Structure formats: structure tokens, C-alpha cells
Amino acid sequence: MAFNVLTTNAVDLQQLLEENKITSAHIVEEYLAQIDRYEPVLNALISPAPRDKVLKLAKARDEERQKGQVRGPIHGIPIVLKDSFVTASELGMSTTAGSYAFLGAKASKNGAITQRLIDSGLIILGKANMTEFAGMKMTMMMPGWSAHGGQTLSPYVGRIEDNEKILGHSAPGGSSTGPAVAVAAGFSPLAMATETIGSIVTPSTRAGLYALKPTTGVQDTTGLYTMTEFFDSPGPMAKSAADVRVLSEILLGRLFNSPQLSSWEGLSVGFLDPKIWSMSPEFCTQFGGTAEQMVDEYEQTVSALRNGGCPLRYPVHCKDPSVLPNTILPIAYWDFKNVCIPKFIRSLHECSVTSVADIVMFNKENSEKALPAPFVEQNDLEGAMNTTEGKEQIDEMKQDLRRAARDIVDDLFDKEKINILAAPGDSPLCVHASAAGYPVATAPIGQLRYNDRPFGLCLVARADEEETLLRFMDLYEDVAKPRPVPKF
């Protein structure tokens, strides 16, 4: 049975599998054909899985289904993983975090989340490109670019405009660009990404996707490259709220089948003013009508939700992230050098570098490949290498930053009697969420008339309130316009 790789979601595919109308092998072949068609242009995958291995796996999942051995609610469905998730070398894919320094590294076993996905019956189609080290290499490096993987492009926009700013309208946005593009372009119905600050939010809203960054620290990140332990959290991207919910259940090990799933009861959303909560001109130049269109469609979305029965307040007012302690960079540098790179290296049983200093030296010695124009610097890597703060000093910074961010957001939740705070995806709300360690979700709004780039909503709830966000996304999907599909 034929299906549309650009619009069919994982839950729909699962239904077809259960009704014996399709096989996992056929599903995989359809996605591989789409990858063959458009991957040479979009460059979303840094390490595709070997075709013979993937088809063999799909057939094995089909055989398990025939015997009644279904591993989970999305058994036999394909997924793409950001190149930060460690995959055992026997699967035939590398794990490099986008860096040449890790090319050739080997892993004897899968990372904890990778293994959890495999145990649930998912089939990994490949590793997706990412901003190298999730951006911890060079300030103002184009998102979706890595020395090893090159530049990923948006399936909606195509070529990045000359002299584009890093979050300009033709930029694909955020370090998880590869996974977002892979889902939007029909390479896979599902993807796993990670976010430090905005790394899931920005690329998923620019690919018209639903996504979730769960509460920081609730998942086992063994065998996962993260930039920091303080800000980072891995999460799913998909074309529907239902897909995000099912994948979140697997990741977090709990069911989100609240009896109120189809009711607004207990939800209350505060929407920030899009004229205030917008992208700084330093990061994105607005062209004729782009800013106005995003405000108009944001306000139309608020009206549609209100008419659809969503309890909401608009506009609510929140302090800007500029009031937070200015400690994001020192925390990131320290975590990267002292926690995250050592942990990542330990998850590999064979690796040519042992520290941040080794990576910096490797890049200098192999500058032609590792530091090609125009991204010839590694000032953030050097900043992390040279960080001298002690653990106690950093722990104090972390506590102060988390407290400050939670005070701001919690005060707003309490004062406005809301349990979700919403803003445009192109806004700094994700800074508050990351500093607070709170879960963030995205939902699509529309597409710019200027160049077809999608834009969407960023949604924040309190710690461990993923279900609140998932319920909103489910209900939102019924009220909102259909998500934008790229026109190839």
C-alpha cells in the first residue's frame, strides 16, 4: 500500500501495520527512496545506515509482528537520530557530534536512549547532521553546519542567502537542524534531537514540526553527546502531536493517556506579546511584511484557540532573559570541558582524542578539513579549554541561574493562573525554559509568504509537566491550520 512520506505520521503507519495493509520493510523502502531523491540536495544525514542492514532489521520486525511479538506502540517504524546519539559500530553508522576529531571512533554498545528506542522496535535509518558540537566550536557559526557533515538546508527554502545571519529567514536554525529537516523532507516519520538553548525549538518550528524537550535531567544521557548537563535534554520531533506523545512515553517510561486528553479542562495558556517577544535584528533581518505576518498569524492562532474553547490570557507580560545572571557561557564552557566531553569519550571504546585540548590540537593540525572557510575559528572550543573556574563556583552559578529563571516563570504562572506559557518560536522564551530546566514544546503556525519558511509556537510548562504540553499539542492540532508541507 502506498503512503505519502511527506504527510503520513508514525501513528497512522502503525495502524496500517496492525491491519496488515503494509510491512515495515515496505515502509523503510519508501523512506529510503525519498532519501535517494533529496538527500544529495538537503544534506540532512551525516551517516545513513547501510541499506542491507536496515532492510534486514525491518524484515526481522515484520517477523516478530507475525509471531505476536510486538515490542511497543511504534514497533517497526523508522527513526533518525541526531549525530549526538551513540550507536554501536556494528549498526554501521558513525557518532561524531559533527566533528572530524571523532571520525573513525568506535562504540562497542549503543547509548542508553539509542538502546531504549531499539528495544521498543524502532528502526534507525541514519544519523542526522548537526551544528558541530551543538555550536560549541565557533561563535556565529551557521546552524546545521559541521566540518564532517557540511551544511544542511531547509526543504522549504533551499539555498541559504548570501551573507545570511545565523537565524535569518533562509537559515535552517538550531543545532538539531538535521533531524528536523529529515522529518519535514519525508526521510523518516520520527527523529530524536537534543536542545541546549533553542536547539530543538528553532529547527522544529522552521520545519513545521511538533517537538518536545523534556525536563532537564530526567533521562539517562549515558552514550549521548551533550554540550552541558545543566541545560541539555534530548527529545522527539515529528509531524503530529500523537507521534510526539508516543515517542515521549517510550523515552520517559510513562503513559500520557490522561482521561482529559480531548478536553481543555485543567489547561490555561498565557500568550506573550509577539511584538515584544521576537527575534533580535542582530540574528535575523526582517524583510517586507515578514515581522507583520508572523504577528498577524500568531494573533489569529490565539483567536482560533479562544474560539475553540482554550482557556487563555493574552497578552501576558514576562521579564526579558537579559535580567538573568550573565553566566550561561561560563557554565557551558565548564560543563563541556569537565563533564560532557569526558563522558562522551568514555562512551566510545576507540577514539583518537581524550580531551577538549586534544580536539583543539586536532583541528589545528587538520585545519583544511576541520576548520574550512568560512568557519575557520574555534574560539568556543578554546574558551572551554581555557576555563579555570572551580566546581563550587560553577555550582553556585548554576543554582543562582536556575533560581532566577524559575522565579520569573513561576511568578507568571501563579500570577496569571496559567500552566503553559507561549511565545513565537522566534523568541528568547527558550532561554528562560533552559535556565529553569523546564520542558519546552513546539507547534506549527504557518509559512512566510516571503520564502515559504515555516514558523511556530514555543510552549513552556513547569518541571515534569510534559503531559500538560502534550495535551495542549493534541488539542491545538484540531484547532490549528494543517502543518506546512515542503513543495519539492
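1. Arginine 313 has a relative accessibility of 43% and counts as partly exposed. The cut-offs are as follows: buried is under 20% relative accessible area, exposed is over 50%, and partly exposed lies in between, with a 1.4 Å probe and protein chains only. Its partner in a salt bridge is glutamate 416, and the closest N and O atoms of the two are 2.5 Å apart. A salt bridge here is a side-chain nitrogen of Lys or Arg within 4 Å of a carboxyl oxygen of Asp or Glu. This pair links distant parts of the chain, with arginine 313 in strand 10 (residues 312-316) and glutamate 416 in helix 13, 103 residues apart. Helices (H or I, at least four residues) and strands (E, at least two) are DSSP runs, numbered from the N terminus. Glutamate 416 counts as buried, at 14% relative accessibility.

2. On the basis of the note: this is a predicted model, in which local features need pLDDT of at least 70 and side-chain atom pairs count only at pLDDT 80 or more, while totals for chains, interfaces and linings use all residues. Residues are numbered from 1 along each chain as its sequence is written, and side-chain values use heavy atoms, with hydrogens and water left out.

3. A second pair to look at is glutamate 229 with lysine 398, whose side chains meet in a salt bridge at 3.4 Å, N to O. This pair also links distant parts of the chain: glutamate 229 is in the loop between strand 7 (210-213) and strand 8 (233-238), lysine 398 is in helix 13 (residues 391-416), and the two are 169 residues apart. Lysine 398 is buried, with a relative accessible area of 9%, whereas glutamate 229 is partly exposed at 46%.

4. Glutamate 19 and lysine 21 form a salt bridge as well, with 3.0 Å between the closest N and O atoms. Glutamate 19 is partly exposed, its relative accessible area being 37%. Lysine 21 is also partly exposed, at 45%.

5. How many salt bridges does the structure hold? The count is 21. Side chains of opposite charge can pair when their charged atoms come close.

6. Helix 14 covers residues 429-436 and is mostly covered, with eight of its eight residues buried. Among them are Leu429, Cys430, Val431 and His432. Glycine 437 follows helix 14, and its phi is positive, near 75°.
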